[in-house]
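Here is a brief report on voids and helix packing in one protein model. Please keep the structure in view while reading.

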Amino acid sequence: MALYSLWYYLTGHLRITVQGYTPERFLNLCVQRGIHLWNIVKDGDRMQANIGIGGFFQIRPVARATASRVRILERRGLPFVLARLKRRKGLLVGALMCLAALYLMTCFIWQVEVHGNEEVPEEAILEAARRAGLYPGAYKSEVDPKRVEEQILLAIRRLGWAAVEFRGTTAVIEVAERVLPPEAAPDVTPGDIVATADGVVTRVLVFNGRALVSEGDTVVQGDVLITGRLLEGGEEGEAGPYVRARGIVRARVWHRAYEEVRVQEEVKLRTGRTFDRTLIKIGDNEIIIRGRKKIPFKLYEVKVERTGLVSWRNINLPVELIRETYFELVEVHQEFTVDEAERVAVRRATDRLLMELPPHARVLAVREAVVQAGEGFVGVEVILEAEQDIGRFVPSPSGQEQGGAGRN
Amino acid sequence: MSVENHRGIVEYSSERVVIAVSEGHLVLTGEELMIGFVYQEEITITGRFRRVEFCR
């Protein structure tokens, strides 16, 4: 029925009243001529009915034949609405203008919002955006979000990220502030650069201060390499300016290591057999969820991996997943020849020295010598020559008093 | 109420509708009787019916 109503609305229909002596004949004639009538109601000597527009134009002969008077009560449906609109052009123009105005208004930015700022004042961001062309009243298509983002970032260095987004007529500037490293005041504590090791200086690079050594000099641990005293005579009487010495001093340094290896040794080796166990640790209780409690090896090494289950914000639940891997070990009796023992000792000593080298060190030479070979053992000394940074800043003993040492 | 294959409306008022059918008349009495729609072959009458009679 709803479909009918829609159809009647679209095509348009009339409510008519028919006044005559024989409404029955009127109806019958209409039916014969294929004029469709519906919702027919008798109202005293009159009759009301709905009729389609097409039917209404055919009704005149019927009305004449039955001597009935037909009057239109109501006009319903889209065609009439349109016709009315056609007559009232102003209304149509108004509606269109309203639409146009709405559209036009959505082309402008009405509001600029800033989100995400904590320290940077909103006004500063809005001001930066304004200079880049984003402000309330700006024409939307003339605002280039990318450019605005860039301009904001350039203008306010505290911001690490900015995004401009249009939500309807509102422009939203999303920003993230940069966490600035604490402004480190340049350390001006006076002091010297002092040698950390004995060696032969290979390179001196002074950024600040005065070099006391030059290439080829031999220095001993504790020697001042670069002084913060700018005047040569500063040490006696006259106290010159005392600054913080800065610089790099590289030197050839000899590192020694001694290693002894017994010709007969007991060594623990992995057999390759492993045993896994998984536990959950809740508080102090451990629950084994995989593997046995008893470890089936007499000798073993264990590798433990711990995983905190949840680490949310700063809450650490006292629950841990522990995965243990046991490696079976076997004790092997090793016998070296003297040569082998020497090689092993050299390798161990060299490894140890290399581990202890400071960063940026360059190994120049490695020399080894058998120092002692006794009953069942070999003692080896390895000398490793490296070029490395030996400078270390030492603040002056009377740091606060400038040139305090000069009084003596 | 819908009547198919009718032969036309003989009498129509809000209390009484007489529809011609082959071999006689269908007399409907009631209140606020209304003809929902009329087609050549079908007629639908709504309202509060009191009596439906068939007269030869």
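## Cavity lining

In this predicted model, β4(A) gives the largest share of the lining of the largest cavity, with 3 residues. Two strands of chain A, β1 (13-19) and β4 (69-76), each supply at least two lining residues.

The volume of the largest cavity is about 40 Å³. How many cavities of 30 Å³ or more does a search of the whole structure find? The search finds 1.

## Largest pocket

The largest pocket has a volume of about 180 Å³. Its lining consists of A:Phe56, A:Phe57, A:Ile59, A:Arg60, A:Ala63, A:Arg64, A:Ser68, A:Arg69 and A:Val70. These residues divide into 5 nonpolar, 1 polar and 3 charged.

Which element gives the largest share of the pocket lining? That element is α4(A), with 4 residues. In chain A, α3 (53-57), α4 (59-65) and β4 each contribute at least two residues to the pocket lining.

## Helices α5 and α6

Two packed helices are described by the angle between their axes and the distance between the axes. In chain A, helix α5 (residues 78-87) packs with helix α6 (residues 89-105) at an angle of about 95°. Their axes are 5 Å apart. Angles of 65 to 115 degrees count as roughly perpendicular, so α5(A) and α6(A) are roughly perpendicular to each other.

On the α5(A) side, the contact is made by A:Leu85, A:Lys86 and A:Arg87. On the α6(A) side, A:Lys89, A:Leu91 and A:Leu92 take part. The residues of this contact of α5(A) with α6(A) are 3 nonpolar and 3 charged, with no polar residues.

## Helices α7 and α8

Helix α7 (residues 122-131) and helix α8 (residues 145-155) of chain A also cross. Their axes come within 9 Å, and the crossing angle is roughly 130°. The pair α7(A) and α8(A) is therefore oblique. What is the handedness of the crossing of α7(A) and α8(A)? The crossing is right-handed.

From α7(A), the residues in contact are A:Ile125, A:Ala128, A:Ala129 and A:Arg131. They meet A:Arg147, A:Val148, A:Ile152 and A:Ala155 of α8(A). By class, this contact of α7(A) with α8(A) has 6 nonpolar and 2 charged residues, and no polar ones.

Note on methods: Residues are numbered from 1 along each chain as its sequence is written. Chains are lettered from A and ligands numbered from 1 in the order in which they are written. This is a predicted model: local features need pLDDT of at least 70, side-chain atom pairs count only at pLDDT 80 or more; totals for chains, interfaces and linings use all residues. Side-chain values use heavy atoms; hydrogens and water are left out. On a 1 Å grid over the protein atoms alone, a cavity is a set of points where a 1.4 Å probe fits but cannot get out, and a pocket is an open set with protein on both sides within 12 Å along at least five of seven lines; lining residues have an atom within 4 Å of a point. Grid points are joined across faces, edges and corners, and a volume is the space filled by probe spheres set on the points. Axes are lines fitted to C-alpha atoms, for helices over the stretch in contact, and angles run from 0 to 180 degrees between N-to-C directions. Angles under 35 degrees count as roughly parallel, over 145 as roughly antiparallel, 65 to 115 as roughly perpendicular and the rest as oblique. A crossing is left-handed if the near helix is turned anticlockwise from the far one by less than a right angle, and right-handed if clockwise. Contact means heavy atoms within 4.5 Å. Ala, Val, Leu, Ile, Met, Phe, Trp, Tyr, Cys and Pro count as nonpolar, Asp, Glu, Lys and Arg as charged, and the others, Gly among them, as polar.
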